[in-house]
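Hi everyone, thanks for having me. Could we put the structure up on the screen, please, so that we can walk through it together?

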There are 2 protein chains.
Amino acid sequence: MMHSNGRKRVVITNVSPLIEGGRYPAKATINEALEISADIFSDGHDSIAACILYKHSGDENWLEIPMEPGVNDRWRAVLKPGSTGFYSVRVQAWVDHFTTWKKGLGKKYEAGQDVTVELQIGADLLENASGSFADAENSLLLKWAGVFRNGNNVPSAVLLALSDEVSSILYAYREDDLVSVYPETLLIEAERKKASYSTWYELFPRSAASEPGKHGTFADVKNLLPRIAKMGFDVLYLSPIHPIGEMKRKGKNNSLTPGPDDPGSPWAIGNRAGGHKAIHPQLGTLADFKDLVSEAGKFDIEIAMDIAYQCAPDHPYVSEHPEWFKWRPDGSVQYAENPPKKYEDILPINFETEDWEALWGELKSVIEYWVGQGVRIFRIDNPHTKAFAFWEWMIREVRKKNPEILFLAEAFTRPRVMERLAKAGFNQSYTYFTWRNTKYEIEEYVRELTAPEMRYSFRPNFWPNTPDILPPFLSWGGENAHILRLVLAATLSSSYGIYGPVYEFCVNTPHHGKEEYTDNEKYEIKHWDWNQYTRIKEIITRVNTIRKQNPALQSTYNVEFAETSNDQIICYGKSDPDSGNRLIVAVNLDPFNTQGAHVRVPLWKLSISPGTPYIVRDLLSGSRYRWQDEWNYIQLNPFQMPAHIFRIEQ
Amino acid sequence: MMHSNGRKRVVITNVSPLIEGGRYPAKATINEALEISADIFSDGHDSIAACILYKHSGDENWLEIPMEPGVNDRWRAVLKPGSTGFYSVRVQAWVDHFTTWKKGLGKKYEAGQDVTVELQIGADLLENASGSFADAENSLLLKWAGVFRNGNNVPSAVLLALSDEVSSILYAYREDDLVSVYPETLLIEAERKKASYSTWYELFPRSAASEPGKHGTFADVKNLLPRIAKMGFDVLYLSPIHPIGEMKRKGKNNSLTPGPDDPGSPWAIGNRAGGHKAIHPQLGTLADFKDLVSEAGKFDIEIAMDIAYQCAPDHPYVSEHPEWFKWRPDGSVQYAENPPKKYEDILPINFETEDWEALWGELKSVIEYWVGQGVRIFRIDNPHTKAFAFWEWMIREVRKKNPEILFLAEAFTRPRVMERLAKAGFNQSYTYFTWRNTKYEIEEYVRELTAPEMRYSFRPNFWPNTPDILPPFLSWGGENAHILRLVLAATLSSSYGIYGPVYEFCVNTPHHGKEEYTDNEKYEIKHWDWNQYTRIKEIITRVNTIRKQNPALQSTYNVEFAETSNDQIICYGKSDPDSGNRLIVAVNLDPFNTQGAHVRVPLWKLSISPGTPYIVRDLLSGSRYRWQDEWNYIQLNPFQMPAHIFRIEQ
């Protein structure tokens, strides 16, 4: 078996971003630069040229962008997707005989050698190429070939040969059977900005009532919208709003012996009132829900819905589709486990069922139903306990029709599993940030998240707490810890969120020494005094405003960690080249003591000239400092403000 | 489009070694362990199992090796290829319901829970599985199922369930439509040991005459075989042996104005006496050459032939196949360039010729012709100036029939180009070692060569010098430099070579300050006094003997660099787990001064117990030292011996 066309000499390899050989799309953001790169080279010493061809799935024609060479045979092109949805990208390269010839001609002419034969070769080149062009360019090429051939005026012929005018026409000339085409098509998914930049507030709607002792409703949540918007959040994520199972219902603190008034966990979904497409009657009607979604829109807030594909024992699926569950010889279904947690009130779905096609269809229809009611963001509960193949199919199908739909994966599990869910389509993912407290841990983890292997597939969303997780650092460190963790989340990751009332009121009592809240809101209705003053609330509001005003905080991938002389102080630069916005963030990781450190500003990465003073303005305190060169000193008292967010003003 | 079978829950990804998505084979060595690994995981918390299936291209059936899990969902199997040639490897994995059940049963039983229902489930599992087995195993499974089901003696039923006997039979049970198969087939090329462990001596046969002023012959080379064998070399590489062009022949020192007796460069191949399949008449006949090859075999030396696909202007190809060259309007062909070197005496072949299929066929036939004469190793001159696609095709075709044939790529060019040639099939490659002199440079480079990206495709061959390259360190550092560079090459890389007489007689005068030898043997015949005593010759002999006796030096990938307190001393451990052979090598990089250093022995990597003294014996000097713990002191006088090669003797 001989090579199909042995004359193609250029090699294209190590193309990026190519996720799992092109099986999954690389994530991009609309109107933001995406770098496409490849190792491209040929045998010998000829010049080569390369380009990318790209096409939105809705377009007919391929468009072309030339690639530029960098060091070590790495070529690059920048694609700024103009629409959301799927793009295909191909890479092509070829030996560029015209440029090879032009460079040789230039060198020989400069060295004073006779270039008559070179000019003849150039004339041949242009004449051969001319046939591929339409009239105007064809006659231009033939005219130029004439200049090279007659040789009356060698200097002006050489000038013409080296001109951009000739190059720019010749660039389009390729002998098709000498062009190498990279065999894989890169798949790119361009997402709306919210996929990469979002600020989440989580609450339990049933705890939203203004009066103690009452069950909250969608109308109560609506009343909270101005407050949430003022604090700077743009996604309001509600715990599940479906009917709650009555069989095996849990009581307070996850007890197996509930009282008659215990409301149960909203994640134990379904009872005789309905399942995943129904609404818990005490929250309101479908109309109330749609009203909330639409009212939130007026505050630029999107409602994120929690989808937990699991069933209380009295969910209608259990009797209607017994084949979707794995039954034991004693007629029971093994309840769900997420070690060390046990969920006695929910039955897992058996994704190995022979009826899997009907199951997949039904689960997808749940998403489609709520999309129909105006929901655009879904937070998916424990996706790592459901089949990967299902997510891959479902998310792709939904987003083909509605590319604006976003999915957040709530998987706190092993790294390879979390990475795979992101590749399979989840737009955002929860992370290990929740447990990364020291400077070393945070830097290592953020470097891992922003490395090439992950940056095009896994979009982190940093949560300092969730209803399931009260990290020891928050119980131990009190309000100062809550503040510093919030600043870290909000400035390291362009998407972050808090389980809101508990966080802003610094509730932090663990349950029997576990990493869990005691008297957890999952099992009981709470009442919050939404009007009380807290220092942390003011700071959250300020930080979210800073995020809005500083594009450097709207990307996760532009972080540059700075050396510091004290491990209790973490410091990093962030910059946005398009707007010129440049920040230096420093956080005191010690919630109790004032800490000082010399920090080494990454001048080069922040485009600061060495030797020239520069002004840094703290966007939290308003103070201005005159800094110079790399090493500068800071000091942070956590009882005043555990962080600086400096804007560089030159 | 729905997923083809949505019930397959296990994910297999990031499979290694997979070179360019399976397009190129990964290199392995016969009878040596090759690790096949992959990330393998499922949703949820079920147990999983995985295996590799492998098959030699000459075999009918696939064989299976179970994979074992490591940290972070990485699974591994070890394959020891029993034959040379191409193997295919596939990876499979599945949810292992039996093991999931067994683990759950064990935990519940230990916790004192009632396991009656669990045992029923186990009985069902075994009964379902039994249908897939032949009679003996089938009845065994049914018998065991009966024990689980009757429940008279729960403790003994549980013991049975947890026994290896049951597991080992159940391992073979899989529901085919639940087994995930990795879509790509890994291609492995198992090579003979010489591919990875070889010791090269290069000479110009025309300089092998015992009398000054005479043209050397194959018979003269034959007389040198006992000497070369005694020095421990097992590959004798000859400069090209073909007729040398008479047109545009070069004179001494690359001059364009040769005298009538100048022999020309052996790389300017071809004249009226013939081309790449002919022999330069002054060297002898084909029979003489075959006699040399066969005589060398008696000394366990293989003759490596130089193949330079380029033509002197009077090579028969030029008149017989003018379409294989690129002609200029003035009737000339542009001579070859390898900047900054110019080869006015050779014409490059045009791999873009439309007659490429005939060209490829003829070039391959050159190799086949010499294989027919008994040559098994080819050193390919400047492969980076010939099309990659040609090498890929040619080498694969040759090795399919003759897997014992080895190709060494003489490409000193950019990293991506050198890497690609290795992937395309070259078994060994020249490297940048020739210019890596400091501790930092050497360590960085060896780390790069042994990293996962390169270790399965690029087999380095370290050369301290070549006829084209006299590194400044050798001109400046004299004999001591020659010795220390030889020890580095011979102990860092399992394959190394020297351009022999020049190296062992420490010829080191550069030509006009360039990195080249003056009065280069490429353009004139030399006479060597083969019988003179030199210190370096004794050391080369000793080092090659040490390589033969210590398997740890027969791999390049087992190096572990040690911290040293002085940058003039480089130190590294090497070990061979199969034989237990463990070495510590230390080299003084300063050719003029005695240097001392504390070196930090990598105890753990060398299986040395902390706190226990151990004996290191210097295989160069014979001295023994008693060492303890990590940090130990050494001192090296380059005028005595610039290196230690310690064997650890506990």
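Before I give you a distance between domains, one word on where the domains come from: their bounds are taken from an automatic or database domain assignment. And please keep in mind that this is a predicted model.

So let's begin with chain A. It is divided into domain 1, made of residues 10-93 plus 181-189, then domain 2, residues 98-176, and domain 3, residues 458-649. How far apart do the C-alpha centres of domain 1 and domain 3 of chain A lie? They are separated by 36 Å.

Now let's look at where chain A meets chain B. How many residues does each chain bring to the contact? Chain A supplies 57 residues, and chain B supplies 57 residues as well. Putting the two together buries about 4,900 Å², and carbon and sulfur atoms account for 56% of that area.

What about charges across this interface? The rule finds 6 salt bridges between chain A and chain B. Have a look at A:E118, which pairs with B:R328 in a salt bridge, their closest N and O atoms being 2.9 Å apart.

On the chain A side, the elements giving two or more residues include strands β1 (10-16) and β3 (34-42), along with helices α1 (97-110) and α2 (116-130). Which element gives the most to this side? That is α2 of chain A, with 5 residues. Sorted by type, the residues of chain A that touch chain B come out as 19 nonpolar, 16 polar and 22 charged.

Let's step back to the whole structure, which holds 94 salt bridges over all chains. One that I'd like you to find is between the side chains of A:E302 and A:R192, at 2.7 Å from N to O. A:E302 belongs to strand β13 (302-307), whereas A:R192 sits in the loop between β10 (186-191) and β11 (198-203), so this pair ties together parts of chain A that are 110 residues apart in sequence.

Last stop, the annotated site. Which residues does UniProt list under "active site"? An unreviewed entry there gives A:D381 and A:E410. The two are spread over 30 residues of sequence, yet they cluster in space, with a largest C-alpha distance of 5.2 Å. To find A:D381 on the screen, look in strand β16 of chain A, residues 377-381.

Conventions:
Residues are numbered from 1 along each chain as its sequence is written. Chains are lettered from A and ligands numbered from 1 in the order in which they are written. This is a predicted model: local features need pLDDT of at least 70, side-chain atom pairs count only at pLDDT 80 or more; totals for chains, interfaces and linings use all residues. Side-chain values use heavy atoms; hydrogens and water are left out. Contact means heavy atoms within 4.5 Å. Buried area is the accessible area (1.4 Å probe) that two parts lose on being put together, summed over both. A salt bridge is a side-chain nitrogen of Lys or Arg within 4 Å of a carboxyl oxygen of Asp or Glu. Helices (H or I, at least four residues) and strands (E, at least two) are DSSP runs, numbered from the N terminus. Ala, Val, Leu, Ile, Met, Phe, Trp, Tyr, Cys and Pro count as nonpolar, Asp, Glu, Lys and Arg as charged, and the others, Gly among them, as polar. UniProt positions are given in the numbering used here, feature names are shortened, and annotations may be inferred rather than shown by experiment.
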